[in-house]
Amino acid sequence: MISYEIIEHGKPLQRVIKDTPRPKGTEVLVRITRSGVCHSDLHIWDGYFDLGAGKRFYVKERGCVPPFTMGHEPFGVVEALGPRAKGVRVGQKRIVYPWIGCGKCPVCRDGIDNYCMQQRFLGVMRPGAYSTHVLVPHPRYLVDAGGVDEAFAATLACSGLTAYSAIGKLPELNARDWVAVLGCGGLGLIAISILKAKGIRNVIGCDVDESKLSAAKKLGARQTLDTRSPDAAQKLQALAGGSLAAAIDFVGMPATHAVAYPALRKGGRYILCGLYGGEIALALPPIAQRAVAVMGSYVGNLQELKEVVALAKKGKLKPTPVTTRAAGEVNSILEELKAGKVLGRVVLDLEHAT
Ligand SMILES: [Zn+2]
Ligand SMILES: [Zn+2]
């Protein structure tokens with residue numbers, strides 16, 4: 001199999017040829033055809049997350065030690081089954097749910113693998129889909145997306161799922177309420193698409209890039225806001241008519257928090273998904289007085305992936321911009337993503353990797 005691996009953090013990925021693994025027990029070997037390139041891959045590539053004030057969380061502390069294969073938006077074809085892998089056949093095309101837990105603990109038994117303490121996340125702790133083959137521990141992590149464009153289907157495993165799970169954490173909305181989406185990259189755009197599919201029309205897309213704002217508008221955001229302006233928080237509050245019920249932050253930096261959090265109405269929620277990094281200081285009394293919530297949302301569970309895929313299969317999700325490119329271009333794609341030059345999602349073509 002061919003993999004594009006981190007040999008040294010921050011240095012170009014290298015093409016590596018290895019023996020293709022054989023599935024054992026309940027394992028399934030999936031031949032990857034499409035693999036989304038996510039913004040969080042940039043942090044794994046760099047080797048750390050920025051915790052603010054010069055503090056860092058190093059990914060090697062959670063087992064991501066080079067040589068390492070990233071890629072947590074896998075789509076492919078079942079190629080081989082372990083002797084105890086049931087319910088799936090060779091040749092079937094599937095999305096691979098990458099947020100896999102230990103499979104044994106109470107959290108995993110409740111179906112919330114993404115909260116497991118012994119995670120086996122593909123492309124984060126285990127070899128991922130920047131590769132022609134991925135070993136999946138159990139067939140239950142394979143989701144049928146029949147009829148959905150394969151490159152778009154791949155992006156549902158992280159960007160679609162993360163947005164869907166964050167939207168599931170919105171407070172109850174009334175007709176005058178608005179929802180802000182901060183960061184109209186791959187996640188923000190699919191979030192706007194999902195909000196619309198769920199009948200939530202009062203959406204404000206926020207970004208610092210005109211092309212991303214116009215993509216947000218095309219997907220159904222009723223308002224957009226360029227957050228570079230110094231009074232962006234007041235503008236956001238005004239656009240929402242003083243009724244901003246929630247802000248979903250797909251960037252996650254002090255600057256986006258500074259726009260979204262003060263603009264919330266009483267009882268509003270600041271839902272943080274983005275991992276850009278940094279730290280904030282929050283005055284405590286207003287959290288109680290304004291009855292606001294600051295909450296995190298991290299990827300999503302298998303059931304949520306099935307639900308967002310069901311929306312896509314019914315044709316309810318307006319497709320976000322997805323560009324499929326040769327897997328061999330992965331290094332320039334990562335550089336473009338870092339420079340903010342990617343509109344929507346880039347998906348690697350591993351079907352034709354040579
Ligand atoms: Zn991701
Ligand atoms: Zn577990």
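These entries record what I looked up in a predicted model.

Entry 1, zinc site. I began with the zinc ion (ligand 2) and listed its protein donors: the SG atoms of C102, C105, C108 and C116, which lie 2.3 to 2.4 Å from the ion. Along the chain, I noted that these donors follow the spacing C-x2-C-x2-C-x7-C. I then checked the geometry. The 4 donor atoms subtend angles of 105 to 115 degrees around the zinc ion (ligand 2), and the arrangement is therefore tetrahedral. For comparison, I noted that the ideal angle for four tetrahedral donors is 109.5 degrees. I also looked up accessibility for two of the cysteines, and both C102 and C105 are buried.

I examined the packing of helix 3 (residues 150-167) and helix 9 (residues 302-313): the angle is about 115 degrees, and the axes are 9 Å apart. The crossing is right-handed. From helix 3, I recorded F152, L156, A157, G160, L161, Y164 and S165; they meet E304, L305, E307, V308, V309, L311 and A312 of helix 9. By class, the residues of this contact comprise 10 nonpolar, 2 polar and 2 charged.

I located L350 in the segment after strand 18 (345-349). Setting aside neighbours within four places in sequence, I found L350 in contact with Y4, I32, T33, S35, A129, Y130, S131, T132 and A327. I also looked up its separation from K55: L350 and K55 are 295 residues apart in sequence, and their C-alpha atoms are 36 Å apart in space.

Conventions. Residues are numbered from 1 along each chain as its sequence is written. Chains are lettered from A and ligands numbered from 1 in the order in which they are written. This is a predicted model: local features need pLDDT of at least 70, side-chain atom pairs count only at pLDDT 80 or more; totals for chains, interfaces and linings use all residues. Side-chain values use heavy atoms; hydrogens and water are left out. Axes are lines fitted to C-alpha atoms, for helices over the stretch in contact, and angles run from 0 to 180 degrees between N-to-C directions. Helices (H or I, at least four residues) and strands (E, at least two) are DSSP runs, numbered from the N terminus. A crossing is left-handed if the near helix is turned anticlockwise from the far one by less than a right angle, and right-handed if clockwise. Contact means heavy atoms within 4.5 Å. Ala, Val, Leu, Ile, Met, Phe, Trp, Tyr, Cys and Pro count as nonpolar, Asp, Glu, Lys and Arg as charged, and the others, Gly among them, as polar. Donors are N, O and S atoms within 2.8 Å of the metal (3.2 Å for Na, K and Ca); water is not among the atoms, so sites may look incomplete. Four donors count as tetrahedral if all angles lie between 85 and 135 degrees; four count as square planar and six as octahedral if opposite donors are over 155 degrees apart and all others between 65 and 115; anything else is irregular. Buried means under 20% relative accessible area, exposed over 50%, partly exposed in between (1.4 Å probe, protein chains only).
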